[in-house]
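Reader: Please take me through the helix packing and the aromatic pairs in this structure. I want the criteria behind each label.

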Amino acid sequence: MAVSAHRIDLNADLGEGVGDDDAMLTLVTSANVSCGFHAGTPRELLDTCRGAVASGVRIGAQVSYPDLAGFGRRFMDLAAAELTADILYQIGALRSLAQSVGGTVDYVKPHGALYNAIVHHEIQAAAVVDAAGTAGLPLMCLPGSAVERLALDQGLQVIREAFADRGYTPEGTLVPRSEPGALLTDPDEVTARVVSLVASGRLTAVDGTVIDVAADSVCLHGDTPGAVEHARRVRAALADAGVDVRAR
């Protein structure tokens, strides 16, 4: 399950009103732009889309539970029809903003608790797939997840994602943010992990287990401490390794 040693996409969560979006847009090739349900005002989303277009960065709709107070990090037991409608609403809003500045929305990526829920939650995973399929967009997701399986069953294109700055369990899922080892902040560790992942398709889980991770894109969270430095170091190291960093 090795990742191509010649090409990888780098993505970041932007438009959330935190971090340095302008700097990140010079370093990543895909921008997961908040749609306002967990963070971001319409003006912030518009400015982020404008910056992405100017930088030649692919725009994705980062959809979420309606959880502004919790930054989208609290699970919500929504009915499937309600969740599908919420996601379609968010995609439509971001599409309008992107189109107004000459851009397009090219994929969907769930955020936070929704992203983690659909690793195993079959009903909500199906609702997300329904929305992405209706919108006619590829879905960025965790490899080996329920939502990936359902998306492939429905003939949807998937963009398999790995994380530069998040801890992994031995099962290949993300360590919950409330637990030790959830977040990596050492730029040397983050950089080494990404280069190794691209070269081998493997990374080390929190217990030391080496796991296979197939990925088309690697996420660098824009709100992680030192995010811009991480992105600069990763981009430079990939260039040194001869890796073509671009959206797929």
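Author: Start with contact, which here means heavy atoms within 4.5 Å. Helices (H or I, at least four residues) and strands (E, at least two) are DSSP runs, numbered from the N terminus. The model is predicted: local features need pLDDT of at least 70, side-chain atom pairs count only at pLDDT 80 or more, and totals for chains, interfaces and linings use all residues. Residues are numbered from 1 along each chain as its sequence is written, and side-chain values use heavy atoms, with hydrogens and water left out.

Reader: What do the buried residues of helix 6 pack against?

Author: They pack against helix 5, strand 5 (139–141) and strand 6. The buried residues are Ala146, Val147, Glu148, Leu150 and Ala151. Buried means under 20% relative accessible area, exposed over 50%, and partly exposed in between (1.4 Å probe, protein chains only).

Reader: Why are helix 5 and helix 6 called oblique to each other?

Author: Helix 5 (residues 122–135) and helix 6 (residues 146–153) pack at about 45°, with axes 9 Å apart. Axes are lines fitted to C-alpha atoms, for helices over the stretch in contact, and angles run from 0 to 180 degrees between N-to-C directions. Under 35 degrees is roughly parallel, over 145 roughly antiparallel, 65 to 115 roughly perpendicular, and the rest oblique. The two helices are therefore oblique.

Reader: Which residues of helix 5 and helix 6 meet?

Author: Glu122, Ala125, Ala126, Val128 and Val129 in helix 5 meet Ala146, Val147, Arg149, Leu150 and Ala151 in helix 6. The contact residues divide into eight nonpolar, no polar and two charged.

Reader: How many aromatic pairs does a search of the whole structure find?

Author: It finds three. Rings of Phe, Tyr and Trp (its six-membered ring) pair if their centres lie within 6.5 Å; planes under 30 degrees apart are stacked, over 60 edge-to-face, and the rest tilted. Phe37 and Tyr89 are 6.0 Å apart centre to centre, with 45° between the planes, a tilted pair.

Reader: Is Phe37 buried or exposed, and is Tyr89 buried or exposed?

Author: Phe37 has a relative accessible area of 18%, so Phe37 is buried. Tyr89 has 59%, so Tyr89 is exposed.

Reader: What makes the pair of Tyr115 and Phe163 edge-to-face?

Author: The ring centres of Tyr115 and Phe163 are 5.6 Å apart and the planes are at 90°, so the pair is edge-to-face. Tyr115 lies in helix 4 (residues 112–117) and Phe163 in strand 6 (residues 158–163), so the pair ties together parts 48 residues apart in sequence.

Reader: Why does Tyr115 count as buried?

Author: Because its relative accessibility is 5%. Phe163, at 3%, is buried too.

Methods:
Nonpolar A, V, L, I, M, F, W, Y, C, P; charged D, E, K, R; others polar.
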